[in-house]
Amino acid sequence: MAKKEQSFKSYIFRQKAVPYVFLSPNMLIFGLFIITPAIMGVYFSFTNFRGLGDQPQWIGMQNYVNLFTDPDLFGAILNTIYLVAVTLPIVFFFSLLLAIILVQPLRGRPIIRATYYWPVMISFLVVGLIWRWILRDSMGYFNGLLDTLGIGRIETLLNPRFAWWSVVFVFTWSRAGYYMVMFMAALLSIPSQLYEAAEIDGANRWQRFLHVTYPSLRPARLMIFILAGMEIFKIYPLVESFTRGGPNYATEFAVRYIYETAFSYRQIGLASAMSVVMIAIVMIFTLGNLALAKRRGAI
Amino acid sequence: MKKFFVLLIAMVTFFTVAACTTDDDEKVLEMMWFSDGNEADVMASILQKYYRETGVVIMLNPIGWNVYETRLGTMIDGDDQPALIRTTEGVMNNFQDHMVELDGVFDEEGFNNIFRNAAGNPLGLPMDVTANGLYVNFDLLDKYDVNYPTRGDDDIWDWDEFITEMSKLKGQDDVSYPGVFDFQGHRFMPLMYQQGITMWDEPLESMNLKSQEAQDALQILMDLYADEIISKEVFSTGAQELMMSGRYGFHMSGNWFVSFYEDNADFNWGVVPMPTGPEGQRATVLGGKSLSAVKGSGMEEEAKAFIEWFSQPEIHDEFNQFVPFLSARVGADIDFGDLDPVLGMFQDEISATPTTLTADWVYMTQVPGIYPMINDMTNAAAYPNGKSALDILTELEQKILDELDD
């Protein structure tokens with residue numbers, strides 16, 4: 001009897017322990033490369049660390065006081081929020097549109113899908129470089145084309161407004177394919193009976209989309225909203241290689257500003273405080289979305 | 001493409017040497033390096049010569065300049081510092097507590113531009129001296145009858161004459177802009193010095209940035225941007241890259257780009273005197289690179305031995321001849337062949353700069369984060385948004401003094 005009991009206990013222990021054993025390599029890596037630097041970042045945010053082989057000195061809340069009086073940081077955060085507000089719906093719309101088109105039985109569908117997905121496989125740095133070569137002012141292919149067509153050159157990346165909207169366009173070009181795949185997976189998982197029932201009820205194509213497709217995509221929509229939102233909040237390598245934050249800081253977004261503060265101005269402590277604030281903003285955005293979705297019953 | 005090959009050669013050297021170093025007694029040092037042109041190629045061949053003479057292996061580790069200090073800081077924090085490192089005044093200043101003092105390692109009388117710590121000990125062996133200067137596209141200038149002075153002319157143009165002449169290039173079909181300035185604020189320094197004034201009133205205490213002379217200097221830069229004499233595109237594309245298109249008449253830069261021009265320009269190019277200030281004052285900004293040893297590498301003595309070996313005139317001159325750079329060695333007489341007139345022009349700019357002005361920049365490099373501060377200033381000169389030269393310079397002065405207070 002005691003042996004049986006011990007064996008049962010051992011079984012329960014194994015049941016509980018085994019998942020953690022399998023998770024441990026990932027948790028180790030996550031802890032080492034994500035959690036530890038994050039904790040160090042929070043610690044640095046209370047110091048005057050400059051990262052030049054010096055020892056950080058505790059200065060309390062001074063960095064937080066300084067950053068709340070920094071108009072340039074405020075401008076960069078506001079610029080980032082505008083970017084999220086504008087780019088997110090555009091990416092969302094185009095990725096959904098592409099997904100709806102590409103789940104249809106089109107001829108050459110695999111090639112078309114691959115074509116739209118292709119930009120996703122290119123790193124942001126390379127995407128930025130490619131579009132800089134295309135759109136830059138005096139030597140860009142875009143202006144060369146306008147010249148050839150006799151339209152005449154226009155001010156491209158030297159124009160703050162053009163540069164800002166170019167970031168929106170290039171991000172959408174680069175990432176719409178990724179979210180398209182997610183939407184396609186969600187679209188293909190909608191039971192066909194729902195469409196058949198709607199058709200029998202006399203629903204037209206638009207009504208079927210509105211009352212069957214769109215509500216069925218709710219979990220996917222939420223996930224894409226959060227993932228794309230966070231990705232745009234954290235935009236950096238694309239901007240660095242594409243516009244370098246210019247012209248005249250028109251495309252200076254929060255992460256680039258933090259990077260510059262840390263590694264050009266050598267104020268790693270202050271930059272860490274900025275990062276903590278950024279994390280708070282992204283968390284508010286994410287938790288807000290989750291709460292909203294929960295209230296509407298999406299999750 | 002050239003950079004790719006430099007990197008390739010450096011990597012092949014790195015891995016080949018690393019693969020060969022199986023003998024435990026064989027010493028292997030790491031040298032951290034950055035390049036503007038072909039310096040890595042030349043240093044790699046000198047390191048091979050050192051290996052043949054001494055059996056000591058030095059691995060060249062090329063790092064991009066934009067992450068250079070960050071990488072060095074990380075390596076020092078991780079106790080994985082290189083034994084040797086190529087330095088600027090800024091790097092030596094920022095990391096001076098981590099640099100090996102080199103007193104007695106080389107003949108200090110034999111070199112110019114030595115960077116010393118507070119105790120007066122040298123922190124690097126000066127390798128070369130740099131100066132700002134004016135590259136021009138002779139094909140374009142001659143095509144549109146732009147008059148320019150040449151080396152040895154007594155009558156050198158001032159900024160008004162320069163702008164008048166270069167304006168002839170505006171609006172031409174095969175010209176994008178008359179010229180380009182590197183976006184780096186460092187290029188602003190000669191304009192200041194040509195006004196006969198330094199940045200510092202009292203070094204690291206008070207500044208001259210709000211003086212009329214400083215305002216006049218910045219106003220020249222602001223007018224060059226506002227009148228579309230120089231392109232704002234430099235803030236996203238390298239000025240040298242724009243110049244290589246052959247659609248720009250001049251490029252305000254420094255002598256470190258000579259080999260880049262030599263390798264890439266497919267037009268007739270050269271260097272002409274920079275414009276003078278109102279009193280006819282010629283001036284450039286003096287800088288340079290050094291070779292330093294890093295504390296804590298465990299190879300400090302070996303690093304010093306290499307620096308001593310490198311300071312020999314024939315080795316030092318070999319590096320500067322093939323790069324090609326102006327030598328920091330007193331009395332060096334290097335034959336640069338066809339490039340003699342070009343490098344001579346930079347040497348003229350240095351010679352014409354009063355010695356009272358040359359120490360000014362060294363004090364600037366002692367302000368942490370000085371480069372982005374003055375780069376912000378040049379960005380503001382290009383995009384003033386209603387600010388005057390005085391507003392911009394007041395902001396810069398405040399930033400610098402705040403940093404010193406910290």
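In which sense do strand β3 and strand β11 of chain B pair, and over how many bridges? In this predicted model, β3 (residues 84-87) and β11 (residues 287-293) of chain B run antiparallel and share four bridges. Within that pairing, B:R86 has B:L291 of β11(B) as its bridge partner.

The pair belongs to an open sheet of six strands in chain B, ordered β2-β1-β3-β11-β4-β12. Its pairing is mixed. The edges are β2 (57-62) and β12 (326-327) of chain B, and each of these pairs on one side only.

**Domains of chain B**

Chain B splits into domain 1 (2-130 + 287-334) and domain 2 (132-285 + 349-405). Taken over C-alpha atoms, the centres of these two domains of chain B are 30 Å apart. Their contact takes 15 residues from domain 1 and 15 residues from domain 2 of chain B. On the domain 1 side, α4 (89-94) and β4 (125-130) of chain B each supply at least two residues. α4(B) gives the most there, with four residues.

**Contact with chain A**

Between the chains, 23 residues of chain B are in contact with 21 residues of chain A. The elements of chain B that give two or more residues to this side are α3 (68-77) and α16 (370-382). The top contributor is α3(B), which gives four residues.

The make-up of two contact sides, by class:

Methods
Residues are numbered from 1 along each chain as its sequence is written. Chains are lettered from A and ligands numbered from 1 in the order in which they are written. This is a predicted model: local features need pLDDT of at least 70, side-chain atom pairs count only at pLDDT 80 or more; totals for chains, interfaces and linings use all residues. Two strands pair if DSSP finds at least two bridges between them. Two residues are in contact if their C-beta atoms, placed from the backbone, lie within 7 Å. Domain bounds come from an automatic or database domain assignment.
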